Amino acid sequence: MPYTTNDIRAIESKWQKFWDKHHTFRVHTDSAKPKYYVLEMFPYPSGKIHMGHVRNYTIADVIARYKMMQGFNVLHPIGYDAFGQPAENAAIKNKTNPADWTYKCIAQMHDELKKMGFSYDWDRELSTCDAEYYKWNQWIFLKMFERGLAYKKASSVNWCPDCATTLANEEVINGGCWRCKSVVVQKDLEQWYLKITQYAPALLDDLQKLDQWPSRVRLMQENWIGKSYGVEILFKVTDSQEMIKVFTTRPDTIFGATYVVLAPEHPLVKKLTAGTPQEKDVLAFVEKTANKSKSLRMSGDQRKEGVFIGRHAVNPVNNVTIPIYIGDYVLMEYGTGAIMAVPTHDQRDFEFAKEHKLALRIVIQDPKNPDITAEAMAQAYVDEGALVNSGEFNGIGNEEAKKKIAEWMKSKHYGSITVHWRLRDWLISRQRYWGTPIPIIYCEHCGTVPVPYQQLPVELPKDVEITGEGGSPLARSRGFVECTCPKCNKPARRETDTMATFFDSSWYFLRFCSARNNEEIFGQKDAAYWMPVDQYIGGIEHAILHLLYSRFFTKFFKDLGLITMDEPFVRLLTQGMVLKEGEVMSKSRGNTVDPDEVLSKFGADTLRLFILFAAPPEDQLEWQSSGLEGSWRFLNRVYQMVEKRYKQTEGEPGADLERERNKAIKSVTQSFEEGYKFNTAISHMMVLANAIDKAKTNVDAAIETLVLLLAPFAPHVAEEMWQMMGKKDATIAHAAWPVFDEAALKTSTITMAVQVNGKVRGQIQVAPDTAQDELRKLALADPGVAKYAQDATIKKFIVVPNKLISIVV
């Protein structure tokens with residue numbers, strides 16, 4: 001490889017132009033060819049790419065190029081997840097329009113991705129902020145609305161006062177907005193939801209089909225969906241006809257319930273406290289809790305707060321009267337918004353009961369400390385044991401008791417056996433400008449009216465002032481809000497909320513199948529050919545929501561009859577973070593490395609090779625500048641082999657070199673097929689390079705093989721070397737991946753070490769699989785071995801086939 005920066009720039013520019021001119025990576029639906037769909041999670045267009053991008057996209061690119069060389073019709077597209085709050089914030093800060101800012105960033109990112117030599121089909125490039133794309137977001141919404149899957153309801157939401165928008169629980173970090181860090185409060189709003197809960201059983205059951213996903217990702221999804229078997233128990237409020245419905249997965253502890261806790265938002269709270277001495281304190285606590293984010297309330301390390309509401313309920317199984325509290329750690333969205341508290345067997349309830357001096361009753365005996373009293377407990381006992389203080393169920397193991405008590409309560413009409421799901425419907429409303437407008441019209445005469453399909457897209461107006469204050473900017477645009485009802489032709493108004501950006505990314509992989517199709521959301525024949533995605537690559541931070549929503553949309557499209565598959569992604573790879581000095585690279589830490597600086601000095605191929613060699617894809621990668629130097633030297637070394645030794649010798653290659661050549665093909669191929677061990681693949685290429693250096697005979701075949709193996713990793717210099725070798729008729733990107741010859745891997749002789757009493761005393765050269773009798777003769781004839789064994793009694797003669805002989809004397 002050339003030594004100068006100018007030379008490497010010239011080579012990379014040359015081949016990037018070649019690929020563009022010849023549309024090297026453009027693909028078409030072709031049922032005659034096997035397909036392979038490689039996709040990395042598309043980026044938010046922040047402008048400059050960072051090392052996290054470089055690693056993610058390099059991993060995908062080397063897989064895509066390998067599959068091309070194997071003869072697959074490879075779809076490898078790119079696009080931009082372009083809507084969202086950051087663009088609005090940037091527009092406010094820079095006094096510009098979000099669209100202008102976003103498209104400027106997209107253009108910059110497009111150019112930077114091109115510099116890396118990624119094998120994208122650029123004809124399919126898309127941006128979710130294009131009306132041609134978000135038109136289909138609106139189409140999906142209308143289809144869901146028709147089927148009752150999109151609906152509007154009033155609910156308490158996380159609200160960021162500074163961003164003036166709602167936030168999902170996951171977007172609230174330590175009580176603050178994940179973007180601007182300001183304190184998040186609770187606010188009641190009419191919001192649009194998608195009924196993802198209707199698909200909960202399928203989303204859970206089909207996780208079993210995802211056997212090529214990381215197990216921890218499947219477990220995270222399983223926990224998020226959260227199917228729980230349990231009992232809904234009715235606690236009657238004393239001096240009232242009201243009943244409190246509680247869901248529990250622990251019916252075995254019902255005899256130990258000593259109080260009930262309602263969510264502050266529970267509809268019974270105000271009803272039960274109206275006109276009571278506690279009403280003022282209860283309402284004050286409700287208001288205080290409303291200013292806490294739900295994620296903070298759920299946090300395990302926060303002190304749990306609550307107040308007595310002045311009312312009592314009856315535990316149905318023992319008729320004990322117990323107090324009713326409201327507590328900040330109970331949420332209306334989970335279960336029934338009410339819990340039975342068993343402080344002796346739940347640590348959270350234990351701490352709350354101790355603080356409020358509430359009764360404790362042991363109902364599961366600790367076998368290691370059977371005589372302990374409730375008052376002496378320092379913490380809740382949460383392990384298994386036999387029931388006590390539980391009537392006719394005393395002495396039964398608590399696991400067995402769960403089923404028996406559930407059936408008993410059902411027979412007594414104290415409760416019902418049921419299934420609960422942790423998953424809640426998906427809130428998609430956002431009070432911001434830079435998102436897909438929700439295609440709904442409100443008419444005083446006709447009510448809520450969907451925008452007709454032929455009127456899509458409902459486009460974002462361009463005359464909106466973005467200030468970051470006062471709710472949705474769309475509400476201030478008369479030209480947008482004021483419209484005509486499509487049913488009665490009378491004046492009406494548009495919905496001013498926009499969709500959460502997760503909506504955009506929940507189906508983009510399908511749009512890539514026919515990105516320029518203006519007549520339908522995607523071509524069904526194209527989707528049938530390309531889908532599902534064979535290899536999906538992205539960060540573990542998207543393990544729950546993005547992947548769950550994508551699976552939900554896929555199942556919805558199947559129900560519409562547009563596709564036949566159940567799952568969108570066959571295989572999932574979650575790449576590790578890029579670290580520097582032990583910490584994740586970030587601007588705030590000041591430890592970032594600018595890819596442009598690396599490209600200007602070393603070029604894209606050196607950076608790609610370093611990224612792939614430094615660590616396995618799933619592991620964290622520690623940035624080391626010395627690693628760049630090593631990758632640079634290796635590429636230079638191979639380049640010089642082509643320049644100085646290719647076509648310089650005649651005759652047949654030696655058997656040793658031919659064996660190393662075939663061994664490298666086999667090893668590199670296995671590195672792809674058995675878990676993407678790219679660092680191992682590069683090591684095998686280095687071993688082959690060493691063998692070429694040592695060889696005195698014809699090295700042409702070995703050099704050619706080395707260049708082919710290197711092509712997915714360092715495509716620019718591989719193209720240049722391919723051309724230098726006289727392969728001017730085609731690009732190496734479409735050259736055939738080399739195939740190894742198993743027979744060539746066999747060696748005529750092998751070296752076996754010979755030990756005497758555990759110490760190596762000699763070596764013998766033998767044919768593979770030599771018989772043990774012959775091995776004994778040869779080993780004992782070796783002078784080094786004979787010195788220690790010839791006059792001794794041989795107790796054992798142990799052979800590790802083709803590797804080692806161990807003699808015990």
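Thr-501 is buried, with a relative accessible area of 17%, where buried means under 20% relative accessible area, exposed over 50% and partly exposed in between (1.4 Å probe, protein chains only). The model is a predicted one, in which local features need pLDDT of at least 70 and side-chain atom pairs count only at pLDDT 80 or more, while totals for chains, interfaces and linings use all residues. Residues are numbered from 1 along each chain as its sequence is written, and side-chain values use heavy atoms, with hydrogens and water left out.

Thr-501 sits in the loop between strand E23 (498–499) and helix H14 (508–511); helices (H or I, at least four residues) and strands (E, at least two) are DSSP runs, numbered from the N terminus. Not counting residues up to four places away in sequence, Thr-501 touches Asp-81, Phe-83, Gly-84 and Arg-432, contact being defined as heavy atoms within 4.5 Å. Tyr-103, in helix H4 (residues 98–115), counts as partly exposed at 36% relative accessibility. Once neighbours within four places in sequence are left aside, Tyr-103 is in contact with Cys-129 and Asp-130.

We turn next to the strands. Strand E24 (residues 533–538) is largely enclosed by the rest of the structure, because six of its six residues are buried. E24 pairs with strand E1 (residues 35–40) in the parallel sense over three bridges; two strands are taken to pair if DSSP finds at least two bridges between them. Within this pairing, Val-38 has Gln-535 in E24 as its bridge partner. E24 is also joined by five bridges to strand E25 (residues 569–574), and these two strands run parallel. Here Ile-537 stands opposite Leu-573 in E25. From E24 the chain crosses through helix H16 (residues 545–560) to E25, and this β-α-β crossover is right-handed, that is, with the strands pointing away from the viewer, the path from the first strand over the helix to the second runs clockwise.

An open sheet is formed by four strands in the order E6-E5-E9-E17, with antiparallel pairing. Its edge strands, each pairing on one side only, are strand E6 (165–167) and strand E17 (426–427). Strand E5 (residues 150–160) and strand E9 (residues 185–194) run antiparallel and are joined by ten bridges. Val-157 has Lys-187 in E9 as its bridge partner, and Lys-153 stands opposite Gln-191 in E9. E5 also pairs with E6, in the antiparallel sense over three bridges, with Thr-166 in E6 as the bridge partner of Trp-159. E5 and E6 form a hairpin with four residues between them, and Ala-164 in the turn has a positive phi of about 55 degrees.

Finally, a helix pair. Helix H2 (residues 51–69) packs with helix H18 (residues 604–614) at an angle of about 90 degrees, and their axes are 10 Å apart. H2 is therefore roughly perpendicular to H18. Axes are lines fitted to C-alpha atoms, for helices over the stretch in contact, and angles run from 0 to 180 degrees between N-to-C directions; those under 35 degrees count as roughly parallel, over 145 as roughly antiparallel, 65 to 115 as roughly perpendicular and the rest as oblique. On the H18 side, the contact is made by Leu-607, Arg-608, Ile-611 and Leu-612, and residues including Met-51, Val-54 and Arg-65 contribute from H2.
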